[in-house]
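Please open the model in a viewer and keep the selection panel at hand. The stops below may be followed in order.

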Amino acid sequence: MPTSDEDSKKINILIPEVRLQQRVQELAQEISHDFKGKEIVAICILKGSFVFFSDVIRHLDMPMTCEFLGVSSYGNKMVSSGEVKVTLDLNEPIEGKHVVVFEDIVDSGLTLNYIMNTLRARKPATLKSCSLLFKPDALKVNVDPDYVGFKIENQFVVGYGVDLAGKYRGLPYIGYIEHGH
Ligand code: PRP
């Protein structure tokens with residue numbers, strides 16, 4: 001059902017809030033199971049992942065520390081610039097640690113590919129990635145998140161942390177902007 005938002009763009013609901021929350025819990029259960037008996041470093045990729053991250057970590061059942069990595073490649077554009085910029089680095093070394101990276105979306109894959117290569121060079125004991133959304137048809141590099149919430153079609157989505165020119169991050173669901181609006 002279309003709904004309107006602050007810029008009066010037509011946003012259609014793609015993944016409703018209830019379904020999102022259910023899947024977030026399932027992902028947390030999977031990760032908790034796979035890392036049973038271990039302590040992890042959970043890394044939130046800013047800005048887009050902050051909503052997903054804050055929900056998923058509350059369902060993780062293991063000792064954990066939280067780190068934040070700021071990266072940006074879209075700026076105010078709808079197509080990735082292809083150039084990934086680190087805007088905030090981790091506070092702690094991850095050498096020898098079990099690390100799980102949380103992303104909101106893998107689109108071209110350029111951001112996650114860059115992040116995984118950068119973090120792998122810091123020699124963690126384990127390095128896994130979890131993306132709430134994954135667009136297999138939009139990939140430009142070969143990257144395969146270890147945990148995926150939803151595979152979606154190649155459409156521009158917003159909400160639940162995901163922005164369009166900085167807006168719509170606060171929507172509690174994943175929506176897409178109707179073509180022509
Ligand atoms: C978005 C999103 C992912 C990335 C995915 O970040 O949060 O990190 O793009 O796209 P890709 O697979 O094509 O690289 P963005 O650069 O818009 O910054 P933001 O997280 O601050 O919104």
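Begin by selecting Cys-44 and Cys-66 and displaying their sulfur atoms. In this predicted model, the cysteine sulfur closest to that of Cys-44 belongs to Cys-66, and the two lie 8.5 Å apart, which is too far for a bond, because a disulfide requires sulfur atoms within 2.5 Å. Across the whole structure, the search returns zero disulfides. Is Cys-44 buried or exposed? With 0% relative accessibility, Cys-44 counts as buried. Selecting Cys-130 next shows another buried cysteine, at 1% relative accessibility.

Now select helix 3, residues 110–120. Which of its residues are buried? They are Thr-111, Leu-112, Ile-115, Met-116 and Leu-119. Turn the view to look down the axis of helix 3: these buried residues fall within an arc of 125 degrees, so they line one face of the helix. An α-helix has 3.6 residues a turn, so residues three or four places apart point the same way.

The ligand is the next stop. It is surrounded by 18 residues, of which Tyr-74, Glu-103, Ser-108, Gly-109 and Thr-111 are the closest. Thr-111 also belongs to the buried set of helix 3. Display the backbone around the ligand oxygen atoms. A polar backbone atom of Gly-109 is 2.7 Å from a ligand oxygen; for Ser-73, a backbone N or O atom lies 2.8 Å from an oxygen of the ligand, and for Lys-47 the corresponding distance is 3.1 Å. The ligand taken alone exposes 490 Å², and the protein buries 93% of that.

From Lys-47, proceed to Arg-169, which touches it. Arg-169 is located in the loop connecting strand 9 (157–158) with strand 10 (174–177), and it is buried, at 17% relative accessible area. Beyond four places in sequence, its contacts also include Gly-48, Phe-50, Val-51, Tyr-160 and Asp-163.

Finish at Leu-20, in helix 1 (residues 17–34). Leu-20 is buried, with 0% relative accessibility. Which residues does Leu-20 contact, leaving aside neighbours within four places in sequence? They are Ile-15, Leu-132, Phe-150, Tyr-160, Pro-172, Tyr-173 and Ile-174. Finally, select the C-alpha atoms of Leu-20 and Gly-149: they are 8.4 Å apart, although 129 residues separate them along the chain.

Terms used: Residues are numbered from 1 along each chain as its sequence is written. This is a predicted model: local features need pLDDT of at least 70, side-chain atom pairs count only at pLDDT 80 or more; totals for chains, interfaces and linings use all residues. Side-chain values use heavy atoms; hydrogens and water are left out. Buried means under 20% relative accessible area, exposed over 50%, partly exposed in between (1.4 Å probe, protein chains only). Helices (H or I, at least four residues) and strands (E, at least two) are DSSP runs, numbered from the N terminus. The arc is that of the directions from the helix axis to the C-beta atoms. A residue is near a molecule or strand if one of its heavy atoms lies within 4 Å of it. A polar contact is a pair of N or O atoms within 3.5 Å; within protein, one must be able to donate a hydrogen and the other to accept it, and residues adjacent in sequence count only if both atoms are side-chain atoms. Accessible areas come from the Shrake-Rupley method with a 1.4 Å probe; for residues, only the protein chains shown count as cover. Contact means heavy atoms within 4.5 Å.
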